[in-house]
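Visitor: I am new to this structure. Could you walk me through it?

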Amino acid sequence: MSKETRRYFIEGRVQGVGFRYWTVGRARHRGLVGWVRNRRDGRVEVLAYGDRSVLDGFERELAEGPPAALVQGVVPAPVTPEETELTSTATVFEQVPTE
């Protein structure tokens with residue numbers, strides 16, 4: 001299987017509703033590594049590494065979100081080569097501090 005790193009910005013009511021905690025659980029369940037964090041502009045940012053097919057399913061889950069969230073969009077964004085290298089050697093998916 002082919003692996004890659006993907007970045008997503010999740011828009012809508014996604015802060016203060018357990019979105020990051022839920023994302024960690026979903027990512028770990030799928031065997032992904034990387035991180036999730038709140039952004040000061042109200043979005044949530046996700047950087048995830050894993051098999052393409054697994055990431056496709058994860059992206060669909062992000063579009064749904066946890067029950068209290070109201071996701072209005074999942075926007076893919078570029079990933080730097082340095083981020084790809086770091087995530088490809090990561091061993092866990094975790095929450096990181098707000099940007």
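Predicted model: local features only at pLDDT ≥ 70, side-chain atom pairs only at ≥ 80, totals over all residues.

Guide: Residues are numbered from 1 along each chain as its sequence is written, and side-chain values use heavy atoms, leaving out hydrogens and water.

Visitor: What is the order of the five strands in the open sheet?

Guide: Strands are DSSP runs of E, at least two residues long, numbered from the N terminus. Two strands pair if DSSP finds at least two bridges between them. The pairing here is mixed, and the order is β4-β1-β3-β2-β5.

Visitor: Why is one side of β4 and of β5 left without a neighbour in the sheet?

Guide: Both stand at the edges of the sheet.

Visitor: Which residue in β5 stands opposite glycine 34?

Guide: Strand β2 (residues 33-38) and β5 run parallel, joined by three bridges. Opposite glycine 34 stands phenylalanine 93.

Visitor: Is arginine 7 buried or exposed?

Guide: Arginine 7 sits in strand β1. Buried means under 20% relative accessible area, exposed over 50%, partly exposed in between (1.4 Å probe, protein chains only). Arginine 7 has 8%, so it is buried.

Visitor: Which residue's backbone oxygen lies 2.7 Å from a polar atom of the arginine 7 side chain?

Guide: The arginine 7 side chain also makes a polar contact of 2.7 Å with the side chain of glutamate 45. The backbone oxygen belongs to proline 78.

Note on methods: Helix = DSSP H or I, 4+ residues; strand = E, 2+ residues; numbered from the N terminus. Polar contact = N/O pair within 3.5 Å; in protein donor to acceptor, adjacent residues only side chain to side chain.
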